[in-house]
Amino acid sequence: MNGHRAATEKLLGSYRSIPEGTPVRLAKRTSNLFRFRDDAGAPGLDVSGFNRVLSVDQERRTADVQGMTTYEDLVDATLPYGLMPLVVPQLKTITLGGAVTGLGIESSSYHHGLPHESVLEMEVITGAGEIVTATRDNEHRDLFYGFPNSYGTLGYTLRLTIRLQPVKPFVELWHVRFGSARELTDAIDKLAPDYDFVDGVVFGGDELYLTLGRFADTARHVSDYTGQKIYYRSIQDRSITPRWLNATTAPTDVLTTHGYLWRWDTDWFWCSRALGVQNPLVRRVWPAAKKRSDVYRRLVALDKRTQMSARVDRWLGRPPREDVIQDVEVPVERLPEFLDFFGREIRMSPVWLCPLRAQESWPLYPLEPGRTYVNAGFWGTVPIPPGRLPEHHNRLIEREVARLEGHKSLYSTAYYTRDDFWRHYDGDTYRRLKETYDPGGRLLDLYDKTVRGR
């Protein structure tokens with residue numbers, strides 16, 4: 001904590017050195033956002049001193065963690081105690097503070113909601129340059145509940161106290177294949193309560209999978225997907241049908257708990273294929289240490305800066321392509337409608353599915369507590385039809401998600417009008433928080449940051 005206090009004093013000095021009227025931003029080396037924009041050239045807050053796990057309390061099952069700590073480091077610090085965060089987002093370099101202010105999700109979210117729901121206390125430097133501690137029941141409870149989905153426009157977390165859960169050494173998996181979205185949807189609330197983890201993958205309209213996971217003390221054989229083997233392909237190779245699933249069915253796969261938590265990171269789900277990393281020859285020579293999501297994202301960012309892919313497409317006479325990189329939540333009973341729309345209008349696969357149930361109400365991302373939603377994640381490009389806007393497919397998705405009473409994450413591109421945006425993300429509450437914690441407007445407005453791309 002002495003080191004944390006020293007880092008806090010240094011940060012306050014950094015904040016005060018930024019001239020009045022100059023936007024404040026973080027100076028950080030990694031990002032999992034997909035709102036690419038030019039470097040503003042303005043000085044940023046030095047947050048290099050906020051990347052540590054300060055303590056782990058094995059008895060209370062809590063951890064004190066600095067805001068810029070990656071989940072990779074957080075997991076490494078807690079697993080030796082037989083503990084892990086309640087929800088571990090799927091990519092290693094997502095930070096705890098980033099997951100709390102920008103939302104995160106994973107296969108334990110059916111039981112534990114989203115990462116911010118495990119927070120007991122957060123220390124925040126606000127837009128006003130003040131450091132406050134917010135909890136569920138103190139004088140800053142409005143900031144505590146309004147912080148999720150604010151994306152650094154109200155302040156930045158410096159330290160968080162979070163709840164942890166006990167783990168076992170292994171995770172047993174059952175990949176269950178369904179022949180339609182309706183069959184899969186009907187099974188989620190029936191099956192998920194009996195397992196520690198649940199997520200899924202859609203490969204096509206008649207090929208959908210739920211992966212059910214359960215902690216285990218022992219394992220006869222453990223798979224490893226950090227080398228030549230690719231995790232998402234194993235789902236198709238190791239599946240069973242629902243009629244074969246019962247209390248005595250042997251698991252179709254087993255991973256170490258550490259391997260399970262990062263099963264998606266090695267290939268950035270399936271997106272490494274666009275970079276050639278799933279080609280057996282390329283994969284054999286690609287350094288193992290570079291098979292990770294942050295490496296792939298840097299390559300994508302380089303391509304965006306140089307426009308290399310777009311130039312090649314033009315040279316080959318191909319139509320321009322639109323990035324469709326989104327995560328959305330829809331009520332579980334509306335999932336078949338969304339997947340039908342997606343298969344008809346967007347035509348991308350695979351699609352990741354992750355059921356979740358919010359534990360409480362969080363105004364800037366208003367999911368109904370206790371109701372089952374399903375996150376659909378899809379990340380790729382599609383050709384733009386002749387005569388259509390460059391953001392044609394993304395606008396279709398936004399309209400459909402709204403029609404289905406769903407919500408869309410804001411880590412990527414968004415195209416809402418200002419009125420539509422604030423209707424979806426509780427503009428009245430946000431404006432009250434902004435007036436209280438950033439009255440001078442030192443931090444960007446949420447709409448300007450996430451839609452206008454400032």
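Tutor: Happy to, and let's begin with a side-chain pair: Tyr-145 and Glu-360 are joined through their side chains by a polar contact of 2.7 Å. Keep in mind as we go that this is a predicted model. Along the chain these two residues lie 215 residues apart, yet 9.3 Å separates their C-alpha atoms. Tyr-145 itself belongs to helix α5, which covers residues 141-146. Is Tyr-145 buried or exposed? Its relative accessibility is 14%, so Tyr-145 counts as buried.

Now for the helices, starting with α6, residues 181-191. Its buried residues are Ala-181, Leu-184, Thr-185, Ala-187, Ile-188 and Leu-191. Why look at the spacing in such a list? An α-helix has 3.6 residues a turn, so residues three or four places apart point the same way. Among the elements that cover the buried residues of α6 are the helices α4 (109-112) and α12 (335-346), along with the strands β9 (170-178), β11 (207-216), β15 (351-357) and β16 (372-383).

Helix α10 is our last stop. With 14 residues, 293-306, α10 reaches 20 Å from its first C-alpha to its last, close to the 20 Å expected at 1.5 Å a residue. Buried in α10 are Ser-293, Asp-294, Val-295, Tyr-296, Arg-297 and Ala-301.

How values were computed: Residues numbered from 1 in each chain as written. Predicted model: local features only at pLDDT ≥ 70, side-chain atom pairs only at ≥ 80, totals over all residues. Heavy atoms only, no water. Helix = DSSP H or I, 4+ residues; strand = E, 2+ residues; numbered from the N terminus. Buried < 20%, exposed > 50% of the residue type's maximum accessible area, 1.4 Å probe, protein only. Polar contact = N/O pair within 3.5 Å; in protein donor to acceptor, adjacent residues only side chain to side chain. Expected span 1.5 Å × (residues − 1). Contact = heavy atoms within 4.5 Å.
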